[in-house]
Amino acid sequence: MDHPEPPSPARASIDQLVDIVATLRAPGGCPWDREQTHSSLRGSLLEETHEVIAAIESGDRENLREELGDLLLHVVFHSQIERELGTFTFEDVAAGECDKMIRRHPHVFGPDAGELGDSGAVLTQWEELKKREKGNGPANASVLDNLPPSLPTIMRAQKAQDKAARLGFDWPVDDMRPVLAKLREEIAELEEALAEGVPAAIEDELGDLFFSVVNVARRLRVDGELAAHRATEKFIARFRATEIAIRAAKGEPKSATPEEWDTAWEAAKAAACGFCRVTRRAPDLISF
């Protein structure tokens, strides 16, 4: 069987990447690539997205370049599948996104360029333009209808709260007191549920508490998903150090007393005193 020639390496560009994927999917190309569908690639698409995020977190720019390339490959691959079906091409995807970015940024590309002075006004305009483009939809349509169920739970909760807030469903701006009062209220309700001992009620109140914590993050302009991720990674690093210390002192971690675990944990925290609490403003997540 004759195999197609690989695209010329002299054209190292998106066009070349599009040609490579088309070649892999063509008769005589790669059997694995030819078998793939949108559905079969869902898991690896999500994995590549998380690897991009990990590269951003690590600050390794060379790794970020590589991971962004892997993510771009998925965009090209999914577009190639549709090209074979005669529906659209990668060029259509890119052109559509260019048109959208220009339409949604009239303060940059339009006659009123420069008139929006802050990001809050930009986001409000973005949502209004998006609604205008997509139409009002059914009479019972909601601004929350298009939140993807596959989003991580904390991220989905924060985006839901943010969208509701843009319609005015929120406490007064720059006043955290009612937000924190609601958090304390949810803690009290969880304590009541624990006292009653009804599992379903405990789960419900714990969920409300989680949701209120996310709302605190939103109001403080902190990315809740990122904050939870960093807290988890901090715990993992400290527990590893704690576990090493316990093994060195006791041999078998399960033989350590709660007091010994606590002492080792506090020592691990002290050793990690170089951890820098950097104040940062979480980027607003625009829904495209």
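**View 1. Salt bridge between E84 and R25.** The side chains of E84 and R25 form a salt bridge with an N to O distance of 2.6 Å (a side-chain nitrogen of Lys or Arg within 4 Å of a carboxyl oxygen of Asp or Glu). This pair joins distant parts of the chain, 59 residues apart: E84 lies in helix α4 (residues 61–85) and R25 in helix α1 (residues 14–25). Helices are DSSP runs of H or I with at least four residues, numbered from the N terminus. R25 is buried, at a relative accessible area of 10%, whereas E84 is partly exposed, at 41%. Buried denotes under 20% relative accessible area and exposed over 50%, with partly exposed in between (1.4 Å probe, protein chains only). The model is predicted: local features need pLDDT of at least 70 and side-chain atom pairs count only at pLDDT 80 or more, while totals for chains, interfaces and linings use all residues. Residues are numbered from 1 along each chain as its sequence is written, and side-chain values use heavy atoms, leaving out hydrogens and water.

**View 2. Salt bridge between K182 and E185.** The N to O distance in this salt bridge is 3.2 Å. K182 and E185 are about one helical turn apart because three residues separate their positions in helix α9 (residues 177–196). K182 is partly exposed at 27%, as is E185 at 37%.

**View 3. Salt bridge between R247 and E243.** The closest N and O atoms of R247 and E243 are 3.2 Å apart. Both residues belong to helix α11 (residues 224–250), where they are four residues apart and thus separated by about one helical turn. R247 has a relative accessible area of 42%.

**View 4. Network of D170, R218 and R219.** Salt bridges link D170, R218 and R219 in a network. The whole structure contains twelve salt bridges.

Notes. Helices (H or I, at least four residues) and strands (E, at least two) are DSSP runs, numbered from the N terminus.
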